[in-house]
Amino acid sequence: MHTRPVLYSRGPYRVVADAAGEPDRRYLVIDAAGMELREEEDFLAACEWVDLRMAGWITTRGSESPR
């Protein structure tokens, strides 16, 4: 189980900061079980991926979001 604070949550997905306090930190998307699904350099990109996944636009793990 991840002990990092959840920065964004929707459905079974959570966005957490990897290496908090680091200048080049990344954001992880994890599921309710704590499995890492995706890593993003930008917090908003991680949130967008979660939103698109919840909307059904992303159906396979690791798929790129349409931009």
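Colleague: Which side chains meet Arg-38 in a salt bridge, and at what N to O distance?

Modeller: Start with the criterion: a side-chain nitrogen of Lys or Arg lies within 4 Å of a carboxyl oxygen of Asp or Glu. Here Arg-38 meets Glu-40, at 2.7 Å from N to O. A caution on the source: this is a predicted model, where local features need pLDDT of at least 70 and side-chain atom pairs count only at pLDDT 80 or more, while totals for chains, interfaces and linings use all residues. Residues are numbered from 1 along each chain as its sequence is written, and side-chain values use heavy atoms, with hydrogens and water left out.

Colleague: How many salt bridges does the structure hold?

Modeller: It holds 5. Arg-26, Glu-39 and Glu-41 are linked in a network of them. Arg-26 meets Glu-39 at 3.3 Å, N to O. That pair joins distant parts of the chain, with Arg-26 in strand S3 and Glu-39 in strand S4, 13 residues apart. Arg-26 also bridges to Glu-41, with the closest N and O atoms 3.3 Å apart. Glu-41 sits in the loop between S4 and H1 and Arg-26 in S3, so this pair ties together parts 15 residues apart in sequence.

Colleague: How exposed are the members of that network?

Modeller: Arg-26 is partly exposed, at 31% relative accessible area. Glu-39 is partly exposed too, at 43%. Glu-41 counts as exposed, at 60%.

Colleague: In what order do the strands form the sheet?

Modeller: Strands of a sheet pair through backbone hydrogen bonds, either parallel or antiparallel. Labels come from DSSP runs, numbered from the N terminus: helices are H or I of at least four residues, strands are E of at least two. Two strands pair if DSSP finds at least two bridges between them. Here 4 strands form an open sheet, S1-S2-S3-S4, with antiparallel pairing. The edges are S1 (6–10) and S4 (36–40), each pairing on one side only.

Colleague: Which bridges can I check by eye?

Modeller: S1 and S2 (residues 13–18) pair over 4 bridges. Ser-9 has Arg-14 in S2 as its bridge partner. S3 and S4 are also joined by 4 bridges. There, Val-29 has Arg-38 in S4 as its partner. S3 and S4 form a hairpin with 4 residues between them, and Gly-34 in the turn has a positive phi of about 90°.

Colleague: What does Cys-47 touch, beyond four places in sequence?

Modeller: Contact means heavy atoms within 4.5 Å. Cys-47 touches Tyr-8 and Val-15.

Technical notes:
Buried < 20%, exposed > 50% of the residue type's maximum accessible area, 1.4 Å probe, protein only.
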